[in-house]
Amino acid sequence: MNNRPANLIRAMAAAGLASLLTALFGCSARQTTMSVGAALPAAALVPGLATLSLLTATQTRSISAENLSGAKGQGGMAQPNPGEPKPAASARAADTLGQGWKVKPFLRVNAGETVTLMDVDGPGEIQHIWMVEGLSRANVLRFYWDDETSPSVEVPAPDFFAVGHSTFARVNSQMVIVNPANAMNCYWPMPFRRHARVTFSNEGTKDLELLAFQINYALTPVPKQAGYFHAQWRRADTSRQNPYVILDGVRGQGRYVGTFLAWTQRRKGWFGEGEVKFFMDGDGKFPTICGTGTEDYFCGSYGFREPFSTAYSGTTLPANENHEPPNYWSLYRWHILDPICFDRDLKVTIQALGWGDDGKYKLLSDDIASVAYWYQAEPHAPFPALLPLGLRGRAQ
């Protein structure tokens, strides 16, 4: 019997899994050859159509207000507490039903309070986060991997989920999904080896009575070449910083995987002529990667004629360049199939550049807030200090 068709199928499957490893665990995976039928580490078998049927030793766990430890067999154990002085929303709805009947579905985070959402030992990988909160930049997410004291993620909660200007907009992408009314989801894989800790801070002056969340994760081995997930928020007025700096000071090997911009346009007319530049691995005055314009980087053309939300890019708010300013744009670009790989260092910038009445480019005095998403080997360089709350709000 001729076995060539079967051998071809097995070879294609092996090539596909090698490509999956490359997409998830680092550029060096491209140089790794795998024999047909070779065993893969459990963490390489991440959820997806290509691996959905594969059975491994992975253990699924989930953290919510009903099971803050994520421990096996400990969900829904809260007892009603009618005497609680500051209950979360709906906290009294199950008082007559008792334990096991949706006693603690939400958390309350009072003004100035920080709560720990996740505090578990590894090895493992966060696979999905769902969150509903007040869409406020006063609410800040911080992620700490292993034993680090400086967070690898420090981002206002709405911006982390590609919600700009504290204004809801639907997002329908591969890595982030935002559904009405303000249900925020992310699917960035976040491996950790020894420990994972996630905190949520309410840095505002008003209590948050309803924080709903769920963090789904897997207890599973983590490949040696897997980097750690990072995300950093910045903001600046381009009259003082142009080109705007999306990310700088990154040291070590890694890959850049996403950009989110909350751009406030202060004058009528097209604002998106600026180029996005990636300076990497010792680049000086000139970058290795230089794009051709803002809408080009976000996979559009001839402006942003209408909102769109796709797997890898989108502009989600109903903004129009010729409306009375300020105009608010929420723009995302995920580098999933085209990650930016670097070996030693990385800086990312975008020019705030528009069209003048004379047909020439003009520098813009706009307001830009951003989130940069990347993986890298630890330790990471310290982040710039997060802007105080008074400088985080919606620009005018």
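Me: Which residues do ring pairs link into a cluster?

Reply: In this predicted model, ring pairs join Phe143, Trp145, Phe160, Phe161, Trp188, Phe192, Phe229, Tyr332, Trp334, Tyr373 and Tyr375 into a cluster. The structure holds 25 aromatic pairs, and one of them is formed by Phe229 and Tyr373, with 6.4 Å from centre to centre and 40° between the planes.

Me: What makes the pair of Phe229 and Tyr373 tilted?

Reply: Rings pair if their centres lie within 6.5 Å, and planes under 30 degrees apart count as stacked, while those over 60 count as edge-to-face.

Me: Why is the pair of Phe229 and Tyr375 called edge-to-face?

Reply: The ring centres of Phe229 and Tyr375 are 5.5 Å apart and the planes stand at 65°, which is over the limit of 60 degrees, so this pair is edge-to-face. Because Phe229 lies in strand E13 and Tyr375 in strand E25, the pair ties together parts that are 146 residues apart in sequence.

Me: How do you know whether Phe229 and Tyr373 are buried or exposed?

Reply: A residue counts as buried under 20% relative accessible area. Phe229 has a value of 0%, so it is buried, and Tyr373, at 0% relative accessibility, therefore counts as buried too.

Me: What makes E15 and strand E21 a pair of strands?

Reply: Two strands pair if at least two bridges are found between them, and E15 and E21 have 3 bridges in the antiparallel sense, so they pair. In E21, Phe342 is the bridge partner of Gly254. E15 is also joined to E25 by 10 bridges, the two running antiparallel, and Phe260 stands opposite Val371 in E25.

Me: How do you know that the charged end of Arg197 is within the distance limit for sitting over the ring of Tyr144?

Reply: The distance limit is 6 Å from the ring centre, and the charged end of Arg197, which sits over the ring of Tyr144, is 4.1 Å from that centre.

Conventions:
Residues numbered from 1 in each chain as written. Predicted model: local features only at pLDDT ≥ 70, side-chain atom pairs only at ≥ 80, totals over all residues. Heavy atoms only, no water. Phe/Tyr/Trp six-rings, centres within 6.5 Å; stacked < 30°, edge-to-face > 60°. Buried < 20%, exposed > 50% of the residue type's maximum accessible area, 1.4 Å probe, protein only. Helix = DSSP H or I, 4+ residues; strand = E, 2+ residues; numbered from the N terminus. Lys NZ or Arg CZ within 6 Å of the ring centre and 35° of its normal.
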